[in-house]
Amino acid sequence: MREEFCMSEELIPSLDKSTSEVAWNLYRKAIRKGTWDPAAIDLSQDKADFESLDGDLKGYLIHFCTGFLDAEENVALKFCPWIMLGSTTEEQAFLSTQLLEEFKHTEFFMRYFSEVLGRERIRGVKNTVQQKLDERAKQMLDALEAGPEEREAALVEGLTHYQGIIEGVQAMTGYDVFQAVYGNRGLFPGLAEGFARIKEDEGRHVGFGLRMLKLLARNPKHAKRIRAIYDEYLPFILIRYDQPVIVDGREIPTPPEVNGRERLTKLFDRRLKDIFGSLVNN
Ligand SMILES: [Fe+2]
Ligand SMILES: [Fe+2]
């Protein structure tokens, strides 16, 4: 949790191996290593930390954890079309591990609300990129009935939207924000551990997604699709940290360490470089 989580090139599986081989290796890795239990993380110190925190930092944590719970739950509920569009048994096997893991992340934040924050999440935190998953899932389901080209195009768009942007930019920004605001103060060891476990899972999800996008971007039509979604979604991504933070009718100041816009923009550029390499400005 100490350093920023920018996926480095070596975490993206190589293009030399076949996609089936990469997917199967990640599937096996998830079976062997993705065995942490969200119910087993000790949250007792977190409860004490939360109670001793000042009102603004408490409010910001409620807003921040709402963002994660909303996002994890929403992706878990909508993820089936990504599995169904996998073109081989190996791809579908790996993607099915991701479905379970998104529910585990959801469970962890549900537990955090009930055992540490002692309340329900707040309503109405804006996350446009998440809201657009409804439409995306529908397009992907429609593509299941279409030919192989349309299926591949729908998968490219789905991977860009979800693995490339939601997981690869938004979620990873969130891990760094937690560390900067709370982790560096030595607070919330249970949340820090939850994030450490979630990040291991996300390493597989984002690694697979970016490796697919890097490969598929060799086709100029797909490259155009990927770039168009990144460009269209940049303003929506920024809304996540630009909106006023309102908790129980009170506006909470954003802690100066958050730097949401700067962190998001940096990771956004990083992802384009991961996918397109030196072709990023072409
Ligand atoms: Fe997740
Ligand atoms: Fe994920």
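## Fold and helix packing in a predicted chain

The protein chain holds 11 helices and 2 strands, where helices (H or I, at least four residues) and strands (E, at least two) are DSSP runs numbered from the N terminus. Along the sequence the pattern is α-α-α-α-α-α-α-α-α-α-β-β-α. The radius of gyration, taken over C-alpha atoms, is 19 Å, close to the 19 Å from the globule rule for 282 residues, so the chain is as compact as a globular protein of that length. That rule is 2.2 Å times the number of residues to the power 0.38.

This is a predicted model, in which local features need pLDDT of at least 70 and side-chain atom pairs count only at pLDDT 80 or more, while totals for chains, interfaces and linings use all residues. Residues are numbered from 1 along each chain as its sequence is written, and chains are lettered from A and ligands numbered from 1 in the order in which they are written.

Buried residues (20 or more other C-beta atoms within 10 Å of their own, C-beta atoms being placed from the backbone) make up 41% of the chain. Of contacts (C-beta atoms within 7 Å) between residues at least 6 apart in sequence, 84% join residues at least 24 apart.

Helices α8 and α10 have axes (lines fitted to C-alpha atoms over the stretch in contact, with angles from 0 to 180 degrees between N-to-C directions) that come within 10 Å and cross at roughly 35°. The crossing is right-handed, that is, the near helix is turned clockwise from the far one by less than a right angle.

| Helix | Residues | Contact residues include |
|---|---|---|
| α8 | residues 148-181 | Ala153, Val156, Ile165 |
| α10 | residues 220-242 | His222, Ile226, Tyr233 |

Methods:
Contact = placed C-beta atoms within 7 Å. Buried ≥ 20, exposed ≤ 12 C-beta atoms within 10 Å, placed from the backbone.
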